[in-house]
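I open this notebook to record what I looked up in the structure below. The entries follow the order in which I consulted it.

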Amino acid sequence: LFTVIDEQTKMNWLCFGYPYSRAFLDQWEFVGLLFSLAVYNGLTLPVNFPLAFYLKLQGRKLSCPEEIQDGWPALAKGLRSLLEWSDGDVADVFHRTYEYVIETPEKKFNFDMLAKAPTIRPITDGDPSPCMVTNKNRAQYVEDYIFWLTGMSINIEFVAFSRGFFTCISPPSLMFLNAKELKQLVEGTQDVTVEGLRKIAQYDGGYTTTHQTMQDFWKIVDDFSPNQIKSLLEFVTASDRLPATGIDHLSFSIQKNGEGDERLPTSMTCYGRLLLPEYTSRAVLREKLCLAIENSKGFGVA
């Protein structure tokens, strides 16, 4: 249902789903309902949408390159260059046609954005050449292209998603937030630091801040890469994101779970609890911890 829109940003967007079916639209409505329930219950989701997605949820029509900059940086740069070009007519340099094109694994579809009632159809040989983008119509072209990119091309999917999303959430309530705040509410924040986790960590079962295993644990985690820190957080809490309310509202505790170098760390994700055996050395702790967090998926008891 979702695709990666840009290899640079790795952000998600809605997949173009033509031809449409009732089951396909029901799927979108169900996904919207899951998003709605997550937000209502204060849960974050492992998605990464551009701000354009949240502007659309607020009922905004997007029309300028700045509004798609975070999701489509290369496209936004190209559209700005088109608008700012001053060395002759853009038709002779950019060779853009006044259409919106979608490529799927099976077919390529084009939309004549100048048509009064644009229809979806595959591109075929012998089709008449579309109108060219010129200095005269380029401003309108950029506005129309962004509208098709973020609106018309996924309108049916988005309407179905919105129907589910607004099941638990009142549309007017979103107007109290800007797009960045709404994104954080849905996705949480990915700025996870070792210092932040150490500050909120609780200890149980015999572990304390001065216990040798805990000192070894934090020295190991201090050397973790950002992705490893996210993997640790996901292993303990089932999410690699912090809640929208911040790290102070995250539950992160470490409990002693017996002794023995043959045992692996486990977790109780519903309680944000890491069950960590006491090992004989820091090297063993590092090996077992990395093995656990790099090979664990799922919810509940990981």
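Entry on helix α6. I note at the outset that the model is predicted. I began with the cover over the buried residues of α6, which includes β2 (12-14), α1 (22-40) and α2 (51-57). I then looked up which residues of α6, a helix spanning residues 155-165, are buried. They are Glu-157, Phe-158, Ala-160, Phe-161, Ser-162, Gly-164 and Phe-165.

I turned next to a nonpolar surface patch of about 280 Å². Phe-30, Leu-34 and Leu-37 make this patch. I located Phe-30 in helix α1, and α1 is among the elements that cover the buried residues of α6.

Entry on the sheet. I followed an open sheet of 4 strands and recorded its order as β6-β7-β9-β8, with mixed pairing. Why is one side of β6 and of β8 left without a neighbour in the sheet? Both β6 (202-204) and β8 (266-268) stand at the edges and have a single partner strand each, so one side of each has no neighbour there. From one strand to the next, I found that the twist averages 30°.

Entry on a strand pair. I examined β7 (residues 253-259) and β9 (residues 273-278), which pair in the parallel sense over 5 bridges. Opposite Leu-276 in β9 I found Lys-256.

Entry on the packed helices. I saw that helix α9 (residues 212-222) packs on the sheet and touches β6, β7 and β9. The direction of α9 makes about 115° with that of β9. Helix α10 (residues 226-237) also packs on the sheet, where I recorded that α10 touches β8 and β9. The direction of α10 makes about 55° with that of β8.

Definitions and conventions
Residues are numbered from 1 along each chain as its sequence is written. This is a predicted model: local features need pLDDT of at least 70, side-chain atom pairs count only at pLDDT 80 or more; totals for chains, interfaces and linings use all residues. Side-chain values use heavy atoms; hydrogens and water are left out. Buried means under 20% relative accessible area, exposed over 50%, partly exposed in between (1.4 Å probe, protein chains only). Helices (H or I, at least four residues) and strands (E, at least two) are DSSP runs, numbered from the N terminus. Contact means heavy atoms within 4.5 Å. Patches are made of residues with over 30% relative accessible area and no salt bridge: like charges are joined within 9 Å, nonpolar side chains (Val, Leu, Ile, Met, Phe, Trp, Tyr) within 5 Å. Accessible areas come from the Shrake-Rupley method with a 1.4 Å probe; for residues, only the protein chains shown count as cover. A salt bridge is a side-chain nitrogen of Lys or Arg within 4 Å of a carboxyl oxygen of Asp or Glu. Two strands pair if DSSP finds at least two bridges between them. Axes are lines fitted to C-alpha atoms, for helices over the stretch in contact, and angles run from 0 to 180 degrees between N-to-C directions.
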